[in-house]
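Colleague: Could you take me slowly through one part of this model, the surroundings of a charged side chain and the strands around that place? I would like one connected account that I can follow on the screen.

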Amino acid sequence: MSVRAVVLWIVVLLAAGAVGVAATLLVRGAGSEAEALPDPASAPRTEFPGLTAATGDPDLPGLATAHPEPGSVGVVAGPFDDRFELSGLGLADDGTVTGTVTITSDVSTLIELEVLAGFYDADGELLGTGRFVHHEAEGAHSHEGPPTPEEEFEIAVPDDIEGTVAAAAVGVPVLVNE
């Protein structure tokens, strides 16, 4: 191919590129007549009378009335009780609660799990609560083999009631799995 033919092809390609850029700008509305993005404040809002947004951490009302026997770990009802089993519940001398949650529904990747513990004095009065939280990081469940349906937990006694705990009760207010 001659030098003249190569130069001619380069000129043709540059001209075609310029036409393509001009057409793109025209279609997109570039210039002073460009359409502005909508203001997010003008988006429609939905309100449900009498419905208030959730605040704080999920709770289990049964903790207030559990009154477990000294030295024991009771179980309180929660919204996901049909999807897991609690086992190996224990209360250490320092009041720490331990156990295992075994997922019995759709054995799959565990995304979110919260185990809530209530700590009680020798008379069965609720002193305070503690929480175990499992949060699967996005994209972190790329492991080999089947998912593990068990999650061990340990919930320490809050500092302000340390040394006064005689019993505990646990429940699961949050459970999300794929």
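Modeller: A residue is called buried under 20% relative accessible area, exposed over 50% and partly exposed in between, for a 1.4 Å probe and protein chains only. The model is predicted, so that local features need pLDDT of at least 70 and side-chain atom pairs pLDDT 80 or more, whereas totals for chains, interfaces and linings use all residues. Residues are numbered from 1 along each chain as its sequence is written, and side-chain values use heavy atoms, without hydrogens or water.

The part to look at is Glu151, which lies in strand β6, residues 150-155 (strands are DSSP runs of E, at least two residues, numbered from the N terminus). Glu151 is buried yet has no salt bridge, and Arg83, the nearest side chain of opposite charge, is 13 Å away. Here a salt bridge needs a side-chain nitrogen of Lys or Arg within 4 Å of a carboxyl oxygen of Asp or Glu, with Lys and Arg counted as positive, Asp and Glu as negative, and His and the chain ends not counted. What Glu151 does have is a polar contact of 3.5 Å between its side chain and that of His134 (N or O atoms within 3.5 Å, one able to donate a hydrogen and the other to accept it). Setting aside neighbours within four places in sequence, Glu151 is in contact (heavy atoms within 4.5 Å) with Gly99, Thr100, Val101, Leu110, Leu113, Phe132 and His134.

Strand β6 belongs to an open, antiparallel sheet of three strands in the order β2-β3-β6 (strands pair if DSSP finds at least two bridges between them). In this sheet β2 (84-91) and β6 are the edges, each with a single partner strand, so one side of each has no neighbour in the sheet. Six bridges join β6 to the antiparallel strand β3, residues 97-103, and Thr98 stands opposite Glu154 of β6.

Strand β4, residues 110-120, pairs with β5 in the antiparallel sense over nine bridges. These two strands are part of an open sheet of four with mixed pairing, in the order β1-β7-β4-β5, where β1 (73-75) and β5 (126-135) are the edge strands, each pairing on one side only.

Strand β7 of this sheet, residues 167-177, contains Leu175, which is buried with a relative accessible area of 3%. Among the residues that Leu175 touches are Arg83, Leu110 and Leu113. Leu175 and Arg83 are 92 residues apart in sequence, while their C-alpha atoms are 8.4 Å apart in space.
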